[in-house]
Amino acid sequence: MPQETAVYTHGHHESVLRSHTWRTAANSAAYLLDSLRPHMKVLDIGCGPGTITADLAALVPDGQVTALDRAPGILQQARATVEDRGLTNVRFAVGDVHALDHPDDTFCVTHAHQVLQHVGDPVQALREMRRVTRPGGIVAVRDADYAAMTWYPEVPGMDAWLHLYERVTRANGGEPDAGRRLHAWARQAGFAPEAVTATAGTWCYRTPEERAWWSGLWADRTVSSGYAELAVDGGHATPRELTEIAAAWRAWGAEEDAWFAVLHGELLCRV
């Protein structure tokens, strides 16, 4: 059976989870929400700490959500998130999107947020997502596109961050510019063009609080997370270079006029 070959670039350091726990269905899956119905059975792949999962479960109160992740440890946090919300319609499973442990035609909706950019074979992942989704159901995916991220002002060192991140991610077997490729991957996975609705969504950080949060988590991630270890161990950067990039992030965040936009590709694929 196909299996994961890529290394997850971010890991689950606190600076990473600071970002992941901010995510909600409203700010990260709005393109999907109008398609949900109370009775639906949903598979949430790469659920992480479970904040989007919990929102999806609340929107299908007569249905069920299966929260799946490759990392058993993060599922414990997802379980706590769901329990804190008082939700009882969520199941948890460890699994690999390349070879899902579910029968054909199991789910009404199969969802993956920021997953395909990190996997070794995104086309196979989409084939599996399609296989476990019922006829008439939906495969929903959303991924960032790093090369399309843009910011102001042009603080020295920020371009170095982007180029380094893309090198590290590709060396790990992922594709950081996944957003622009989603529709092509869906076609290769067997979805007919007329069955695919492709859109784009954004996150934007502008207020003093948003700037401090976004710049701080990336500064910390650059020097303290699994990503930092992979950058150094892979020969992509020295600790000193990482420290300089972290300082660039903090300098950007301190700018009164700082602004940062993250572009995402989004797909609703009808099975």
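Modeller: Helices (H or I, at least four residues) and strands (E, at least two) are DSSP runs, numbered from the N terminus. This is a predicted model, so local features need pLDDT of at least 70, side-chain atom pairs count only at pLDDT 80 or more, and totals for chains, interfaces and linings use all residues. Residues are numbered from 1 along each chain as its sequence is written, and side-chain values use heavy atoms, with hydrogens and water left out.

On to the pocket. A pocket is an open set of points on a 1 Å grid over the protein atoms alone, where a 1.4 Å probe fits, with protein on both sides within 12 Å along at least five of seven lines; lining residues have an atom within 4 Å of a point. Grid points are joined across faces, edges and corners, and the volume is the space filled by probe spheres set on the points. The largest pocket holds about 680 Å³. It has 39 lining residues, and the closest to its centre are Tyr8, Gly46, Gln114, Val115 and His118. At least two lining residues come from each of H1 (14-20), S1 (41-45), H4 (51-59), S2 (64-69), S4 (107-113), H9 (208-224) and S8 (259-270). H9 has the largest share, three residues. By class, the lining has 18 nonpolar, 14 polar and seven charged residues; here Ala, Val, Leu, Ile, Met, Phe, Trp, Tyr, Cys and Pro count as nonpolar, Asp, Glu, Lys and Arg as charged, and the others, Gly among them, as polar.

Of its 29 residues, Trp161, Trp214, Trp249, Trp252 and Phe260 touch the most other members. Two or more residues each come from H7 (158-171), S7 (196-205), H9, H10 (226-233), H11 (239-254) and S8, with H7 giving the most, six. Leaving aside neighbours within four places in sequence, Trp161 is in contact (heavy atoms within 4.5 Å) with residues including Trp218, Trp249 and Phe260.

Finally, Leu32 in H3 (residues 30-33) counts as buried because its relative accessibility is 0%. Beyond four places in sequence, Leu32 is in contact with Leu56, Val109, His111, Ala140 and Leu268.

Technical notes. Buried means under 20% relative accessible area, exposed over 50%, partly exposed in between (1.4 Å probe, protein chains only). A nonpolar core is a set of buried Ala, Val, Leu, Ile, Met, Phe, Trp, Tyr and Cys residues joined through side-chain atoms within 4.5 Å.
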